[in-house]
Amino acid sequence: MRFQKNILLKNYTTFKIGGPARYFCIVKNKTDLIEAIIFSKKARLPFFILGGGSNLLISDKGFNGLVIKLQTTNYKLQTTKIIAEAGVSLAKLVNTAANAGLSGLEWVSGIPGATLGGAVRGNAGAFDSEMKDIVMMVKALDARNLKIKNFNNKKCQFSYRSSIFKKNPNFIVLSCKLKLKKENKEKIKERTREILDHRKSHHPFNPSAGSIFKNFKHVRARDLIEKAGLKGKQIGEAQISQLHANFIVNCGGAKAKDVLKLINLAKKEVKNKFGIKLEEEIQKIS
Ligand SMILES: Cc1cc2nc3c(=O)[nH]c(=O)nc-3n(C[C@H](O)[C@H](O)[C@H](O)COP(=O)(O)OP(=O)(O)OC[C@H]3O[C@@H](n4cnc5c(N)ncnc54)[C@H](O)[C@@H]3O)c2cc1C
């Protein structure tokens with residue numbers, strides 16, 4: 001496996017933002033992954049697992065360590081279950097499920113780039129569904145001792161946009177067994193179309209990392225930011241979206257530092273106006 005130097009990370013994120021990785025490698029299987037972790041340990045450098053890069057704000061200075069891009073792409077169908085490696089894209093999974101007449105993944109339609117591993121780690125969710133509803137079993141590598149551990153749904157400790165894999169970054173999701181339901185193919189396609197239409201009309205077209213902040217049980221972050229008068233606020237080439245105030249968009253050549261200024265501004269204004277503390281959903285990497 002090749003360990004490349006100074007690879008620009010903005011080419012690997014949906015935000016199109018991010019400086020260089022000191023080292024960068026692409027892993028295609030578990031053996032590669034173990035080799036990469038050993039490399040980072042020997043070099044005494046931190047490592048970072050990169051999935052689809054759709055939930056990240058990477059510093060303009062980049063990452064002073066090893067970025068491990070997971071490109072494990074095997075998956076198989078087993079009656080109503082899908083067993084897939086962490087690097088499989090959600091887009092691939094939703095199509096595979098729909099073609100097999102399996103329901104439960106429609107809500108991921110239209111999330112660009114994201115991988116199964118990233119979605120499990122963050123318990124991704126939308127339209128009243130979450131990964132926790134369909135995950136049966138997760139296989140993960142413990143980077144501390146390079147041993148593999150199996151986690152059933154309960155052991156994954158899923159909660160709103162969180163899991164044991166998020167709380168403990170030493171656990172790297174390798175693969176996952178998803179349990180879906182048999183359903184009429186036309187119904188699945190119709191639901192998928194509705195979700196895609198909804199995303200098209202509610203999500204901005206410009207590069208972004210999805211929702212910046214977590215929602216609260218009774219109030220959405222986008223409403224708080226909008227009521228704070230920040231819709232359309234722009235710093236450099238970064239802008240709080242006119243369409244969806246919980247998205248910050250890259251209008252072309254935006255810098256991470258400008259996005260951070262907007263994040264801090266939104267936090268400050270929302271705290272001052274409503275006494276509510278916004279918390280980031282995106283992962284900040286520096
Ligand atoms: C337009 C748009 C719409 C979106 N809509 C939604 C939505 O509806 N719901 C939602 O929840 N999210 C949404 N997102 C955010 C994002 O797509 C999800 O959070 C997604 O699950 C992230 O997956 P990823 O592979 O891109 O992870 P990355 O962005 O690459 O990584 C995110 C974090 O996960 C870690 N990670 C990645 N792979 C692994 C692994 N195998 N093991 C352990 N850790 C890992 C990374 O180290 C990082 O800390 C949206 C994003 C965009 C750009």
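Select F151 and F165: both are buried, meaning under 20% relative accessible area, where over 50% is exposed and anything in between is partly exposed (1.4 Å probe, protein chains only). This is a predicted model, in which local features need pLDDT of at least 70 and side-chain atom pairs count only at pLDDT 80 or more, while totals for chains, interfaces and linings use all residues. Residues are numbered from 1 along each chain as its sequence is written, and side-chain values use heavy atoms, with hydrogens and water left out.

Stay on the two phenylalanines. F151 and F165 form an edge-to-face aromatic pair, with 5.0 Å from centre to centre and 75 degrees between the planes. Rings of Phe, Tyr and Trp (its six-membered ring) pair if their centres lie within 6.5 Å; planes under 30 degrees apart are stacked, those over 60 edge-to-face, and the rest tilted. F151 is in strand β12 (residues 147–152) and F165 in helix α4 (residues 164–167), so the pair links parts of the chain 14 residues apart. Helices (H or I, at least four residues) and strands (E, at least two) are DSSP runs, numbered from the N terminus.

The structure holds 6 aromatic pairs. Next, select Y12 and F24. Their ring centres are 4.7 Å apart and their planes meet at 40 degrees, so this pair is tilted. Y12 sits in the loop between β1 (4–8) and β2 (20–27), and F24 in strand β2, 12 residues apart. Which of these two is buried? F24 is, at 0% relative accessibility; Y12, at 26%, is partly exposed.

Then select F3, Y23 and F39, which ring pairs link into a cluster.

For a charge and a ring, select R144 and F171. The charged end of R144 sits over the ring of F171, 5.6 Å from its centre. The criterion is NZ of Lys or CZ of Arg within 6 Å of the ring centre and within 35 degrees of the ring normal.

Zoom in on the ligand's oxygen atoms. One is 2.6 Å from an N or O atom in the side chain of S54. An oxygen is also 2.8 Å from a polar backbone atom of G51, and an oxygen is 3.2 Å from an N or O atom in the side chain of R121. Taken alone the ligand exposes 970 Å², of which the protein buries 93%; areas come from the Shrake-Rupley method with a 1.4 Å probe, and for residues only the protein chains shown count as cover.

Two backbone angles come next. Most residues other than glycine have a negative phi. Select N123, in the loop between α3 and β9: its phi is positive, near 40 degrees, and N123 is buried at 0% relative accessibility. F127, in the loop between β9 and β10 (129–130), has a positive phi of about 50 degrees. F127 is partly exposed, with a relative accessible area of 36%.

Definitions and conventions
Polar contact = N/O pair within 3.5 Å; in protein donor to acceptor, adjacent residues only side chain to side chain.
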